[in-house]
Amino acid sequence: EESRQKSISFAKASLTKLGQFDTSLLNATNASDYHILKNRMESMVWYGETFKSHEWNPSNYNVAGVFGVILNTDYKAKDERLRTIFRRLENVPAYYEAAKATITQPTIPHTELAISQNKGALGLFEKSIAKAVTESSLTDDEKKAFEGRLGETSAAINSYVSFLEGKLAEIKDNGTARDFRIGEELYNKKFPLDIFSGYSAKELYEKALAEKKRVHGEIIKISQQLWPKYFKNEAFPENALVATKKVIDHISVKHVERNKFVDSIRQQIPELEAFVMERGLLEMDPEKPLVVRETPEYQRGFAGASINAPGPYDAKANTYYNVTPLDNYSEEDAESYLREYNHWLLQILNIHEAVPGHYTQLVHSNKSPSLVKAVFYNGAMIEGWAVYTERMMLEEGYGDFEPELWLMYYKWNLRVIINAILDYELHVKGLTEEGALDLMINQGFQEKAEAQGKWRRATLSQVQLTSYFTGYSEIYELREKLKGKAGDKFNLANFHNHFLSFGSSPVPIIGELMSDEYLNNHK
């Protein structure tokens, strides 16, 4: 509580200081930094005083992440990093006791996630760190002391898990769980603070509904084109969406084997890098390593694939592309998952997560001359860029305009659109699980396993699922606007490199910074 109040006081004091600036007297770079900082400080106050997820989201509390970073990042000799871990371990029991004291009325999904992820955290301490200590050059006394601290840490985590299991049973039995839906009032405030968009939450929702209709039209056209290839003796069904689903289901059987899922992703990254460099689509930095790895257990349960990237103060460290293996899936669920991430969709996933998506963008972000723009990242810009690159790569000829790839792209793009619809309807309109699954499976052509996973994710987050569609829409609109004004002098690579030079700023801010500057350079 003391720490939270300190953060809120800091944010309020910072807002007071920011209020002393006349933004009309600031240059463009400083004015944009001002708005980013103001947004972040307002968010800190609102999250601490109004949203208060620290009281109802037990998954906020998990010590594994920071210890994993220290163990796996070669910023010092390993023995020195282990000594840092040893010192920090002292505070783990108090941390979890504070967590127990803070949680008042948790939601069921967040409690279940916290139990799962904290159980996963045990492996880091009992296996990975313990093994590193055994293999280290620490003294025997240090190793013995380490063993004691690791035991205390495991006990603290197990105690927290037991506390949560008891709390979960209690709130299920007596019906006192907090609703995971945050409601319209909180949603409408959270959206501008998190997304920093030119759209309001409702405007974005309405735009997503219109875009779903447009993309349905595009995906039906491709289905009609492919129908004779796969069903030459059958008439195209009257219900075009049913026909589209049949085509998608038919070709989705082309996928990697279950035990080769992670390796297949690892093997495809160089192909994407080669395409980007051959076409000169944007600058790539071969010295910044990308490591494809199995998702650490303490991070599993939220997304099947994700990126862990270093920040600007440690820009040379590895970027990790986390891919969750299918070890814990039943045969039926694994097949459903692999059909979702089939031969074509797996390529689009890798564009999104790696090249030229998240990995490439975050390497550029760390080179921004404005630390504010690199450190205080905007999720809608980061996710929007990754979604934008999927379409851009196909427009530039990746996959040789294969209709199957474009069909799967639109299916994937529908997921982005439906994410925004799902999130708004869930938290604002009270969408049920049955309604959500219908939206994703019958209108978005998603496999059941994928749709169930997304439902779970939607119950665990708020607003974040809109970031993909918001950022993508605003980036594409900005590109087309500048392309129209620059005419024949428009250069795609220049646009990409210029856009990425502003760090991970909100797209509206980048748009303001680029418009005048870009047009002045293309007169």
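**From one residue to the whole chain**

Tutor: Glu450 has a relative accessible area of 9% and is buried. Buried means under 20% relative accessible area, exposed over 50%, and partly exposed in between, with a 1.4 Å probe and protein chains only. Please note that this is a predicted model, in which local features need pLDDT of at least 70, side-chain atom pairs count only at pLDDT 80 or more, and totals for chains, interfaces and linings use all residues. Residues are numbered from 1 along each chain as its sequence is written, and side-chain values use heavy atoms, with hydrogens and water left out.

Student: With which residue does Glu450 form a salt bridge?

Tutor: Its partner is Lys454, and the closest N and O atoms are 3.9 Å apart. A salt bridge here is a side-chain nitrogen of Lys or Arg within 4 Å of a carboxyl oxygen of Asp or Glu. Side chains of opposite charge can pair when their charged atoms come close.

Student: And how far apart are Lys454 and Glu450 in helix α19?

Tutor: They are four residues apart in α19 (residues 448-460), so about one helical turn separates them. Helices (H or I, at least four residues) and strands (E, at least two) are DSSP runs, numbered from the N terminus. Lys454 also counts as buried, at 6% relative accessibility.

Student: How many salt bridges does a search of the whole structure find?

Tutor: The search finds 33. One of them is between the side chains of Arg149 and Glu90, at 4.0 Å from N to O. This pair links distant parts of the chain, 59 residues apart: Arg149 is in helix α7 (residues 140-174), and Glu90 is in the loop between α4 (78-89) and α5 (92-102).

Student: Is Arg149 buried or exposed?

Tutor: Arg149 counts as buried, because its relative accessibility is 18%. Glu90, by contrast, is exposed at 52%.

Student: What does Lys221 form with Glu218?

Tutor: They form a salt bridge, with the closest N and O atoms 3.7 Å apart. Both residues lie in helix α9 (residues 201-230), three residues apart, or about one turn of the helix. Lys221 is exposed, with a relative accessible area of 52%, while Glu218 counts as partly exposed at 24%.

Student: New topic: how many helices and strands does the chain have?

Tutor: The protein chain has 22 helices and three strands. Strand β2 (residues 305-308) has a covered face, formed by Ala305 and Ile307, and an uncovered face, formed by Ser306 and Asn308.

Student: Which strand do the bridges join to β2?

Tutor: Four bridges join β2 to β3 (residues 319-323), and the two strands run antiparallel. Two strands count as paired if DSSP finds at least two bridges between them. Within β3, Tyr321 is the bridge partner of Ile307.

Student: How many cavities of 30 Å³ or more are there?

Tutor: The count comes to two. On a 1 Å grid over the protein atoms alone, a cavity is a set of points where a 1.4 Å probe fits but cannot get out, while a pocket is an open set with protein on both sides within 12 Å along at least five of seven lines; lining residues have an atom within 4 Å of a point. Grid points are joined across faces, edges and corners, and a volume is the space filled by probe spheres set on the points.

Student: What is the volume of the largest cavity?

Tutor: It is about 70 Å³. The lining of the largest cavity includes Lys288, Ala309, Pro310 and Leu362. Its lining residues divide into seven nonpolar, two polar and one charged. Ala, Val, Leu, Ile, Met, Phe, Trp, Tyr, Cys and Pro count as nonpolar, Asp, Glu, Lys and Arg as charged, and the others, Gly among them, as polar.

Student: Which helix gives the most to the lining of the second largest cavity?

Tutor: Helix α9 does, with three residues. The second largest cavity holds about 30 Å³ of space, and its lining has seven nonpolar residues, one polar and no charged.

Student: Finally, what share of the 523 residues count as buried?

Tutor: The share is 53%.
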